[in-house]
Amino acid sequence: MESQVLTPHVYWAQRHRELYLRVELSDVQNPAISITENVLHFKAQGHGAKGDNVYEFHLEFLELVKPEEEERLNKLRLESEGSPETLANLRKGYLFMYNLVQFLGFSWIFVNLTVRFCILGKESFYDTFHTVADMMYFCQMLAAVETINAAIGVTSSPLLPSLIQLLGRNFILFIVIGTMEEMQNKAVVFFVFYLWSIGEIIRYPFYMLTCVDMDWKVVTWLRYTVWIPIYPLGCLAEAVSVIQSIPIFNETGRFSFTLPYPVKIKVRFSFFLQIYLIMIFLGLYINFRHLYKQRRRRYGQKKKKVT
């Protein structure tokens, strides 16, 4: 007598170009997943509605499955052995909390600078550093986590743009501004911090919504649009801060050194600052190109379908 075939609960979700299937089984063992033409075959030992048994189903699609999609089944098979739902939820929770903390930090900076400007006007420019420096230090040190996430594969973000932004901003914050008291009273500090915070209070909410699989069109549009004026202006403000710091570093001699005998040439730190000015605009090109590709990928294809 043939045993009855048990079918698990299968949940279907679909987006514009993506299809999600969730099989309600726990403690899955030996999953066998394959695709034959337009049919998905699933069979596994697991705990479902009928207890611990072998469950299977065959799902027929309207069209043939592309060969490259079959390669993803190997990844799916491996993930099923490691409780993917639990790991995915932990990852989403971790990323959500990180983005939330960064959003709150940069929001505090943005609101603080905005309120002080509305009350004090231009006078607020000159004590920006002493007002929000501690929070900016915290946010920028925490931003290293974002680069680490990209490096180890926790997020799908490319490593180079994240690394360029991390190193560039921290160089400005900790070296150019943080080590020179004369720079901390410059008005340019206000514009550097303000432009940084504007970009981040838009970027981090977008990432938070992504963690919970939500898409708010306004937030998404702002994420892929506001950087167009903000990012070049931020780099320009950073360049101005470097230019203003060069005579100060020359006068104080900080970080300058003399090469050993027989050369005995004094190397001023301003020489490296001049090189860094070039690197600022090189980094601007790399990150601008990366962000432009992201925006084109997000909105460009939709325009093609309308024509």
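This is a predicted model: local features need pLDDT of at least 70, side-chain atom pairs count only at pLDDT 80 or more; totals for chains, interfaces and linings use all residues.

Colleague: Staying with the backbone, which residues other than glycine have a positive phi, and where do they lie?

Modeller: Asparagine 30 is one of them, with phi near 50 degrees; asparagine 30 belongs to strand E3 (residues 26-36) and is exposed, at 68% relative accessibility. Aspartate 213 is another, with a positive phi of about 55 degrees, but aspartate 213 is found in the loop between H8 and H9, where it counts as partly exposed at 46% relative accessibility.

Colleague: How should I read salt bridges, and how many does the count give?

Modeller: Side chains of opposite charge can pair when their charged atoms come close. Here the count comes to six salt bridges. One of them joins arginine 116 to aspartate 127, with the closest N and O atoms 2.5 Å apart. Arginine 116 lies in helix H3 (residues 84-120) and aspartate 127 in the loop between H3 and helix H4 (128-142), so this pair ties together parts that are eleven residues apart in sequence. With 20% as the limit for counting as buried, arginine 116 is buried at 19% relative accessibility, whereas aspartate 127 is partly exposed at 28%.

Colleague: Which residue forms a salt bridge with glutamate 200, and are the two partners buried or exposed?

Modeller: Glutamate 200 pairs with arginine 169, the closest N and O atoms being 2.9 Å apart. Since glutamate 200 is in helix H8 (residues 188-211) and arginine 169 in helix H6 (residues 159-177), the pair ties together parts that are 31 residues apart in sequence. Glutamate 200 is buried, with a relative accessible area of 3%, and arginine 169 is also buried, at 9%. The two belong to a network of salt bridges that links Glu146, Arg169, Glu200 and Arg203.

Colleague: How is a pair of packed helices described, and at what angle do H4 and H6 pack?

Modeller: Two packed helices are described by the angle between their axes and the distance between the axes. For H4 and H6 the angle is about 145 degrees and the axes are 11 Å apart, and their crossing is left-handed. H4 contributes Phe129, Met136, Tyr137, Gln140 and Met141 to the contact, while H6 contributes Leu166, Arg169, Asn170, Leu173, Phe174 and Ile177. By class, this contact of H4 with H6 has eight nonpolar, two polar and one charged residues.

Colleague: How many disulfides does a search of the whole structure find?

Modeller: A disulfide is a covalent bond between the sulfur atoms of two cysteines. The search of the whole structure finds zero disulfides. Cysteine 211 is buried at 10% relative accessibility, and cysteine 235 is buried at 6%.

Colleague: To finish with the chain overall, how many helices and strands are there, and what share of the residues is buried?

Modeller: The protein chain has eleven helices and seven strands, and buried residues make up 37% of its 307 residues. Of the contacts with a separation of 6 or more, 63% are between residues 24 or more positions apart.

Note on methods:
Residues are numbered from 1 along each chain as its sequence is written. Side-chain values use heavy atoms; hydrogens and water are left out. A salt bridge is a side-chain nitrogen of Lys or Arg within 4 Å of a carboxyl oxygen of Asp or Glu. Helices (H or I, at least four residues) and strands (E, at least two) are DSSP runs, numbered from the N terminus. Buried means under 20% relative accessible area, exposed over 50%, partly exposed in between (1.4 Å probe, protein chains only). Axes are lines fitted to C-alpha atoms, for helices over the stretch in contact, and angles run from 0 to 180 degrees between N-to-C directions. A crossing is left-handed if the near helix is turned anticlockwise from the far one by less than a right angle, and right-handed if clockwise. Contact means heavy atoms within 4.5 Å. Ala, Val, Leu, Ile, Met, Phe, Trp, Tyr, Cys and Pro count as nonpolar, Asp, Glu, Lys and Arg as charged, and the others, Gly among them, as polar. A disulfide is a pair of cysteine sulfur atoms within 2.5 Å.
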